[in-house]
Amino acid sequence: MVRAAVEEDRQALIRLRRARSGGTEEDAAGWLCKVAGLDNILVVQPEERPPAAMLGAVPVRCGERRGIWFCGAAAADGVPLETLLPRLLESCLRAFSAKGYDFAVLTPDSAAEAARLEKLGFQNLLPTRVLKKPIRRNLMAHAEFDSLTVRRWLEMRQRYQPGCVNLPESAMNEVMAQLYRHGLTIVSNRRGYGLYFTKGDRLQFLELQADQDYCADLLLQAAREKTGAEQSQVLLAENQALYLGAGRRCGYGMIAFLRGEFPITDVYFRMLL
């Protein structure tokens, strides 16, 4: 039986989330209740047994278009998620198309899963570039650190990526709270911002937005002056204007059009968790 989650499922779903993704109980509960929302979780439950699997089907927006973000798929030991998930997604796509949603997005865990999803109509049209870049020292590079509120960050993000696939601000508050607990730093100035973790001598940027390459370089250099790290790994959308043509292309997001294709040149898909 497939049904919507209810409050009584919370602890069982937290266990499924932690078994799949790791992390703390606080992280799992925050994702379940504040990012996805319990009422957006689909539960697969055999009769008179605990939940066997779950899938988040979270409403998102991209401009005026309504979409669904499929996320957080997890299953109990012995439940074949790789065969269950396509069947569950197929029925979901039909249901959300009938409700007037325009698109669905997700991030596959592997190339094999991406191949299975292509059979359901998902297309690998939202790839990323991974750019490894040494950071030149610049004592004159100045920026602020961890000074952006979530609301101000979302405003800047929308300015740089007007086609961003968005969750509500309340959900992004929880996303940022979890990232901060795991060591995230935000570097910013009036010409851009970056979200990064420090891993030894390397800064790993989950997101970098700036007016131009020079402005992005200044953010990297300011982060180097703060941390001493001399190398960076930057995750960029393939269609992002920064460092055009540089970096290694890799798969990330897939999209299924539910009511006809639309231009995705400016669509930006990055959920961070």
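**View 1. The second largest pocket of this predicted model has a volume of about 220 Å³.** A pocket is an open set of points, on a 1 Å grid over the protein atoms alone, with protein on both sides within 12 Å along at least five of seven lines, and its lining residues have an atom within 4 Å of a point. The volume is the space filled by probe spheres set on the points, which are joined across faces, edges and corners, and the probe is one of 1.4 Å. Of the 14 residues that line the second largest pocket, Tyr160, Gln161, Asn239, Gln240 and Ala241 are the closest to its centre. By class, this lining has 5 nonpolar, 7 polar and 2 charged residues, where Ala, Val, Leu, Ile, Met, Phe, Trp, Tyr, Cys and Pro count as nonpolar, Asp, Glu, Lys and Arg as charged, and the others, Gly among them, as polar.

**View 2. The largest pocket has a volume of about 920 Å³.** It is lined by 40 residues, of which Arg17, Ser21, Gly72, Asp109 and Leu273 are the closest to its centre. Several elements give two or more residues to this lining, including α1 (10–21), β3 (53–62), β4 (65–75) and α6 (169–181), and the largest share, 6 residues, comes from β4. Helices (H or I, at least four residues) and strands (E, at least two) are DSSP runs, numbered from the N terminus. By class, the lining of the largest pocket has 24 nonpolar, 8 polar and 8 charged residues.

**View 3. Helix α5 (residues 150–160) packs against α6 at an angle of about 105°, with the two axes 10 Å apart.** This makes α5 roughly perpendicular to α6, a term used for angles of 65 to 115 degrees; the axes are lines fitted to C-alpha atoms over the stretch in contact, and angles run from 0 to 180 degrees between N-to-C directions. Val150, Arg151, Trp153, Leu154 and Arg157 of α5 make the contact with Glu169, Met172, Asn173 and Met176 of α6, where contact means heavy atoms within 4.5 Å. The residues of this contact divide into 5 nonpolar, 1 polar and 3 charged.

**Notes to the views.** Residues are numbered from 1 along each chain as its sequence is written, and side-chain values use heavy atoms, with hydrogens and water left out. Since the model is predicted, local features need pLDDT of at least 70 and side-chain atom pairs count only at pLDDT 80 or more, while totals for chains, interfaces and linings use all residues.

Note on methods
Angles under 35 degrees count as roughly parallel, over 145 as roughly antiparallel, 65 to 115 as roughly perpendicular and the rest as oblique.
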